[in-house]
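Please keep the sequence and the structure at hand while reading.

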Amino acid sequence: MFDAISGFFLDLYEKTGLNFNIFYDEFEYDRVLAGAVTSLELMAWVICLSIVLGVIGASLQHMGSRTLKGLVEAYVQVFRNTPPMVQLLFFYFGLGSITPQVDMGGYNEPLISSFAWAVIGLSVFGAAYNVEIFRSGIESVPRSTLEASESLCLTKWQTNLHIVLPLAIRVSLPSLTANVISLAKTTSLVYVISVPEMTYVLNQIWSDSMNVPEMIFVLFLFYGIVIALIGAVFSLLERKLRIPGFGQ
Amino acid sequence: MQRHEPYGAETASVSADAPIVSIRDVRKFYGSLEVLKGISLDVLKGQVVCIIGPSGSGKSTLIRCINGLSDVQQGSISVAGTEVNDARLDVVALRRKVGIVFQQYNLFPHKTVLENVMLAPRLVLKESRASAEQRAKALIAKVRLTGKEDAYPGELSGGQQQRVAIARSLAMRPEIMLFDEVTAALDPETVKEVLTTIRELAADGMTCILVTHEMGFAREVADHIYFTDGGVIVEHGPPAEVFSNAKDPRTRRFLSQVI
Ligand SMILES: Nc1ncnc2c1ncn2[C@@H]1O[C@H](COP(=O)(O)OP(=O)(O)OP(=O)(O)O)[C@@H](O)[C@H]1O
Ligand SMILES: [Mg+2]
């Protein structure tokens, strides 16, 4: 890959002065590649974890005790009413400073890496929205449908699993897609806790090489393409789950 | 004010056998609003009983009390030997004997016709897939929907959906079927299909309690008619009697409006 494109970009630089050094300088190329992989891993973790936490939170609100409902509600309020960057700083510098360090033989490493804090912080942030999204999906299932299920002697669990969940997922999917996309974009914020993801890495490169416009362009393109792909995956899912004659 | 006559000699002939459903002096409150003000009625096995009456008179509430969807504050409801107004009621055991069909069909929109009918037999009766499917197909044929097994509810007309709902209820092998204005949301042509299905059920000997505004149908299939108004039964009797010479002025006024 690198060998195939490096000639072209070196040529481009020499002829036009446009410095895409990440495509002809192997050291920078590897750095950017690692940054891109970190970004993608971060997005994957955050999306999956925020959905799992969202389902758990919404289920607790649906079936849990009054205390649990109150706790989930408080969590949702706190994390929806504070900026994600402040949350990341809170997790990394606030909670991070009180988590234990492990001796790595001569130097200390924090038990929870900045990448892990980023995953935790953003998942918790995204899940606060997902709880609300799944909750409104659950509430969209009409009482009368539940009564039909009850009249057929399905247990509460069977009703939740076979009736409520499949319907709630379908109703929630459009809002979930929007939130997941917004969450994927928010991963660019984790440069504030020095996670070497795409934004952080390119920022370092353009500081070193003074090629700000070119690198901003690459950054823009990277997020544009990745987010479009995530959107495509979710609309495929929406199409797959579509039921003829339902919800249009 | 004339209240409905307490149960007595007049209905004794009807209850020669023990009734399968027996409701005695049932009272139901929503907060301070009394919705059922002392209702009594009996249904024999294999009988078809129609409940008619103006909107808000408590017909739906009454029918929902029979399978425990609504609770009552006073009185007794006995269904095939099970007392419903009892704190220790085994509601699942009760509901296995009683099928209910609603005005709005309430099918599961994400399941096909076949899946709608098979679901409860599979999950509740623990039938094997093969036997549940075979029975579901027979029931779908019975309600004349063969060929629609793989359609989703959203792809069916109201009348077709309602017949699926009937098949879905029958799949649980109930002893009694409750119908709450099951044709009220349908256009006149499809009303007929649904009424045909119910008529056939009744002819097969299924005990049916139906709330309906279809007076012609009630007159034709019912063994007994109850007329409710303001939470009481103001009049009841065989259709010929209630329709041709109603004694209570409220019944007469209602009938003159709907017929
Ligand atoms: N969940 C509820 N909470 C409070 N009041 C209720 C509730 N359900 C019904 N009611 C009241 O109980 C009374 C009887 O209602 P019900 O639905 O049984 O009437 P109905 O005879 O079925 O009327 P319709 O012909 O319009 O269906 C009405 O006054 C209604 O407002
Ligand atoms: Mg009603």
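The text below takes chain A, then chain B.

The model is predicted, so local features need pLDDT of at least 70 and side-chain atom pairs count only at pLDDT 80 or more, while totals for chains, interfaces and linings use all residues. Residues are numbered from 1 along each chain as its sequence is written, chains are lettered from A and ligands numbered from 1 in the order in which they are written, and side-chain values use heavy atoms, with hydrogens and water left out.

**Chain A**

An unreviewed UniProt entry annotates residues 36–238 of chain A as "domain: ABC transmembrane type-1". UniProt positions are given in the numbering used here, feature names are shortened, and annotations may be inferred rather than shown by experiment. Over residues 36–238, chain A is 79% helix and 3% strand, and the end C-alpha atoms are 27 Å apart. Helices (H or I, at least four residues) and strands (E, at least two) are DSSP runs numbered from the N terminus.

Axes are lines fitted to C-alpha atoms, for helices over the stretch in contact, and angles run from 0 to 180 degrees between N-to-C directions.

| Helix pair | Angle | Axis separation |
|---|---|---|
| α4(A) (84–95) and α5(A) (114–139) | about 135° | 9 Å |
| α6(A) (143–151) and α7(A) (156–186) | about 140° | 11 Å |
| α7(A) and α9(A) (212–241) | about 170° | 10 Å |

Angles under 35 degrees count as roughly parallel, over 145 as roughly antiparallel, 65 to 115 as roughly perpendicular and the rest as oblique. α4(A) and α5(A) are therefore oblique to each other, and their crossing is right-handed. A crossing has this hand if the near helix is turned clockwise from the far one by less than a right angle, and is left-handed if anticlockwise. Contact means heavy atoms within 4.5 Å. Residues of α4(A) in this contact include L88(A), F91(A) and Y92(A), and those of α5(A) include W117(A), L122(A) and F125(A). By class, the contact has eleven nonpolar, three polar and no charged residues. Ala, Val, Leu, Ile, Met, Phe, Trp, Tyr, Cys and Pro count as nonpolar, Asp, Glu, Lys and Arg as charged, and the others, Gly among them, as polar.

α6(A) and α7(A) are likewise oblique, with a right-handed crossing. T145(A), L146(A) and S149(A) of α6(A) meet T159(A), I163(A) and V164(A) of α7(A). These divide into three nonpolar, three polar and no charged residues.

α7(A) also packs against α9(A), and the two are roughly antiparallel. Among the residues that meet are R170(A) and K185(A) in α7(A) and E238(A) in α9(A). The contact of α7(A) with α9(A) holds 13 nonpolar, two polar and three charged residues.

**Chain B**

Residues 21–255 of chain B carry the annotation "domain: ABC transporter" in an unreviewed UniProt entry. This stretch is 38% helix and 26% strand, with its end C-alpha atoms 26 Å apart.

Six strands of chain B form an open sheet of mixed pairing, in the order β6-β7-β8-β3-β9-β10. β6 (98–101) and β10 (232–237) of chain B each have a single partner strand, so one side of each is left without a neighbour in the sheet. Two strands pair if DSSP finds at least two bridges between them. On average, neighbouring strands of the sheet are turned by 15° against each other, direction ignored. β9(B) (224–229) and β10(B) pair in the antiparallel sense over five bridges, and Y226(B) stands opposite H236(B).

Two helices lie across strands of chain B. α2(B) (59–66) lies across β3, β7, β8 and β9, running at about 155° to β7(B). α6(B) (158–170) lies across β6 and β7, at about 170° to β6(B).
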